[in-house]
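Please look over the sequence and the model shown here before reading on.

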Amino acid sequence: MHMTYWFGIDLGDFLFSGYNVTTIWGLLATCLGLAALAVLYEAMKISQFRLQQFTIKSVPRTTSSSENLSLLSKVTSRTFRISSYTRCSPCFKWVFEVLHWSLHTTFAYILMMAVMTYNIYITIALVIGGSLGYWVFSPALIQLKMQQFQHKQAIVECNKNCEAVLENQRRRLSTVSIVAEQLVTEINIEVHAPRDT
C-alpha cells in the first residue's frame, strides 16, 4: 500500500476484493466511474436538502404546553388510534430521508477510500468529477437555501410587524369575553331574581 502519491496503472485489488485494476482501460473505466460517483454525490446534496424541507413541512405544528395539558384529558383510545395512523406519513418520510442520508454517506466514504489509494489518476478523476458536480448542482442548492432563508426572514419580519395586529385581536377577544360574561351574569340575575306578583 502506497503512503505517498504515485503514478501507476496497476492498482491491484481496488476497494473490493476481486476488483483488480491492472490495465489502462480498467483504470480509465474506474476513473470515469468514480468521477460519475462524485457528480452523483454532489447531486444528492440537493435531494437531501429537499427531503429535509419536505419532512419539516409534513410534521404537524405543536401547540403550547397549556393547550397540551387541557387536551390530554380529552384523549381516548379511539382518538389515539386515529392520530397514530395520521402520524405514519411523516415517519415514512423520515425513514426515507435517513436511508437517503445513509446512501449519501456511503458514497462519501467510497470516494474517501478511493482518494486514500494515493493514485494521482484516481485523485484527478475525483477532483474533476466533484468540480463538475459542484458546477452543475451548486447554483440550485444555493437558490434553495436562499429561498429557505427568505422564507424564514419573512416570518421573522411578519412576527415583528404583526405583533401590534395580534395584540389588537387579543384585546378585542378579551373585551368580547368580558362583555359576554357580563351579559350571562345579567341574564342569570334576571332568571333567578324572585318575582313580586
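## Confidence of the model

The mean pLDDT (the predictor's confidence in each residue, from 0 to 100) of the chain is 77, and 62% of its residues reach 70 or more. This is a predicted model, in which local features need pLDDT of at least 70 and side-chain atom pairs count only at pLDDT 80 or more, while totals for chains, interfaces and linings use all residues. Residues are numbered from 1 along each chain as its sequence is written, and side-chain values use heavy atoms, with hydrogens and water left out.

Helices (H or I, at least four residues) and strands (E, at least two) are DSSP runs, numbered from the N terminus. Confidence is highest in helix H1 (residues 24-58), at a mean of 91, and lowest in helix H2 (residues 65-72), at 46. Over residues 63-85 pLDDT stays under 50, and for these residues the model has 4 contacts (heavy atoms within 4.5 Å) beyond four places in sequence.

Apart from neighbours within four places in sequence, His104 is in contact with Tyr41, Met44 and Lys45.

Met112 also lies in helix H4, which spans residues 88-115, but Met112 counts as partly exposed, at 39% relative accessibility. Together with Leu15, Phe16, Tyr19, Tyr109, Met113 and Met116, Met112 forms a nonpolar patch on the surface, with about 690 Å² of accessible area together.

## Aromatic pairs

The structure holds 3 aromatic pairs. The rings of Tyr5 and Tyr118 have centres 5.5 Å apart and planes at 85 degrees, so this pair is edge-to-face (rings of Phe, Tyr and Trp, its six-membered ring, pair if their centres lie within 6.5 Å; planes under 30 degrees apart count as stacked, over 60 as edge-to-face and the rest as tilted). The pair links distant parts of the chain, 113 residues apart, with Tyr5 in the segment before strand E1 (12-13) and Tyr118 in the loop between H4 and helix H5 (120-161).

How values were computed: Patch = residues over 30% accessible without salt bridge, like charges linked within 9 Å, V, L, I, M, F, W, Y side chains within 5 Å. Areas by Shrake-Rupley, 256 points an atom, 1.4 Å probe, with all protein chains shown as cover. Salt bridge = Lys/Arg side-chain N within 4 Å of Asp/Glu carboxyl O. Buried < 20%, exposed > 50% of the residue type's maximum accessible area, 1.4 Å probe, protein only.
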